[in-house]
Amino acid sequence: MSARKREAWDGETGYNFAYLDEQTKRMIRRCILKAVAVPGYQVPFGSREMPLPYGWGTGGIQVTASIIGRDDILKVIDQGSDDTTNAVSIRAFFAKTANVATTEETSKASVIQTRHRIPEQKLRADQILVYQVPNPEPLRFLEPRETECRKVHAYSEYGVMQVKLYEDIARFGRITTAYAYPVRVNDRYIMDPSPIPKFDNPKMDNSSALQLFGAGREKRLYAIPPYTKVDSLDFEDHPFDIETWDEPCGLCGATDSFLDEIILDDQGSRMFACSDSNFCGERRAEGHTGPMTNDPATRIEEGASKNV
Amino acid sequence: MYVAVKGGEAAIENAHQLLAEERRGDPNVAELELAQIDEQLGLAVDRVMTEGSLYDRRLAALAFKQACGDVIEAVFLLRAYRTTLPRFGSTEPIDTAHMDVLRRISATFKDLPGGQVLGPTFDYTHRLIDFDLAEPSEEPPVAPLAELPVDNAMPRVNELLEVEGLLEPAAPSDGDPEPFDLTREPISFPAGRDLRLQNLARGDEGFLLALAYSTQRGFGRNHPFVGEIRMGEVAVEFVPAELGFAVEFGDITVSECQMVTQFTGSREAPPQFTQGYGLAFGFCERKTMAMALVDRALRAEEFGEAVEYPAQDEEFVLSHSDNVEAQGFVSHLKLPHYVDFQAELTLVRRLRADYEQAHRQEAAE
């Protein structure tokens, strides 16, 4: 838009640092403090309408906007990757509205906003992990009513969740929740970890980093303070377990990371590769190789994103 | 061939350029001006303003143009802009009893003080495509002027009924508290009527229309009559703290609907008529009617009626009426979900292996 055209719209240009006004940020920070004080409890907050759609990370964006400062270095991942379109879009949003440095390197980031994954690399005490949350209520699919769910949390009467898990085992021989696997935080609240694969659940337990969760559409915030106990729900005779794969990452050979399955052709050929693209890239840079490293089918394109 | 794709940034940029090109369409066709949208597609502007919760015809027209005519997208644009605006305070309540009426009808009385004023309406038009409109008209159409101006004294129909005590009075709550503002505070249940009305006023017209219709078909039936529908201009006044008296900002056009519903009485309340209320920016009559029906349906508990159907269920209605929230969450399914899907895939493969093993065992036995 030209300067002349812009002038026709008074006061329409120029947003505050990180988009949100300072009063809103203060309100959100107060709610975050409450969330940290009561680990796993869902704090209602005055979620604002953001210029990105609900369900596309508005909760995480509002949390990030409220805590980010000019010296922070931001990393944004979606499905473990910095290059998925929505991660690119959110990173660009903050580069534009807050002019902060961004990075793809997990170790360099001070704030990491994520959707559906926790980085493979262990996080440090000087890092904050911000989760985008679609449905903050772990009981929602057992009880659709918010009024009822809040009572269940208040009285800590979580029998309905235990029954659901038990029924899974009775019917299928195992718990059939693969992602958004419920956890109990600090021996009190049952919490939805957001739709991360259950593979990532153990990383939440006793983490050095502060973990903040933002659900914009549902207008809820919650938190896991550093070094807090986080248990994935299970039974003594059916202990919690995580996904395993029969083969390593095709590119870097990792056997301890979450792998995405990639379909190579229409004949059913497939390979597995790390979902955490930064983790995989760093391993390859260190000289690790996988069974597909020299396969002409796996061409790695280094591309357009310009980051720190 | 597997390509660990980088370059989402360039793809997004290119997609947006293509959208801009598509929005403009054939450059040989004149580009739409905002004044054309405002003047000639005014009802779309009204709806965008109403559901966008911002009275600004020019911005709403711009949002509608930017959204290529997608109303919900335009509402979203306006809402996202609205949240960034500073707040100076609240205006005085608008007084629709002193409206400059362009339309006013009542279905409950044949004639009444002030009369029935049809105004610009699609009602009673035959829905035949008007092929004359396919080409620009040579002479702009001119409507005849009435012999007499619209009566200034136009009492509200409901006030006529209230005098007799047959209609529950529309009185403020005890102490006339500040209304709730759901754009600043998260809603909780049970919600007050102020919050419900704010939610409905912003709510999606299609959703409210369907809910209202469901009450008419028996899913929460409440025998409604249109007490009054009026549309016209009302003054907006503000009391600046340094002055201490009301200053008029200007006029806005609003539509209002008051539904009257028969109520046979309960142990606490005598038989009387009860009210449902709808208000919208501009000419959004259908929206206000739907809103009034749903408002009344949501008052079921207040009148001791059984809450059995979706339109009566406050949490159901208020949680799902907002089309910006709804479209966001439905459309987010387009985002990549391959990590969750992989987790499910792994699980289904295991369940499948269990299943096949069990069947093999059965077969062996």
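This is a predicted model: local features need pLDDT of at least 70, side-chain atom pairs count only at pLDDT 80 or more; totals for chains, interfaces and linings use all residues.
View 1. Helix 4 of chain B, which spans residues 57–66, is mostly covered, with 7 of its 10 residues buried. These buried residues are B:R57, B:L59, B:A60, B:A61, B:L62, B:A63 and B:F64, and what covers them includes helix 2 (34–40), helix 3 (42–52) and helix 5 (71–82) of chain B. Helix 4 of chain B is followed by B:C68, a residue whose phi is positive, near 55 degrees.

**View 2. The crossing of helix 4 and helix 5 of chain B.** The axes of helix 4 and helix 5 of chain B come within 8 Å and cross at roughly 130 degrees, and the two helices are therefore oblique to each other. Helix 4 of chain B passes helix 5 of chain B in a right-handed crossing. To the contact, helix 4 of chain B brings B:L59, B:A60, B:A63, B:F64 and B:Q66, while helix 5 of chain B brings B:A74, B:L77, B:L78 and B:Y81. By class, the residues of this contact divide into 8 nonpolar, 1 polar and no charged.

**View 3. The side of chain A that touches chain B.** Between the two chains, 55 residues of chain A are in contact with 43 residues of chain B. Helix 4 (85–97), helix 5 (146–155), strand 11 (259–263) and strand 13 (298–300) of chain A each supply at least two residues of the side of chain A that touches chain B, and helix 4 of chain A gives the most to that side, with 4 residues. Sorted by class, the side of chain A that touches chain B has 21 nonpolar, 17 polar and 17 charged residues.

Methods: Residues are numbered from 1 along each chain as its sequence is written. Chains are lettered from A and ligands numbered from 1 in the order in which they are written. A residue is buried if 20 or more other C-beta atoms lie within 10 Å of its own, exposed if 12 or fewer, and partly exposed in between; C-beta atoms are placed from the backbone. Two residues are in contact if their C-beta atoms, placed from the backbone, lie within 7 Å. Ala, Val, Leu, Ile, Met, Phe, Trp, Tyr, Cys and Pro count as nonpolar, Asp, Glu, Lys and Arg as charged, and the others, Gly among them, as polar. Axes are lines fitted to C-alpha atoms, for helices over the stretch in contact, and angles run from 0 to 180 degrees between N-to-C directions. Angles under 35 degrees count as roughly parallel, over 145 as roughly antiparallel, 65 to 115 as roughly perpendicular and the rest as oblique. A crossing is left-handed if the near helix is turned anticlockwise from the far one by less than a right angle, and right-handed if clockwise.
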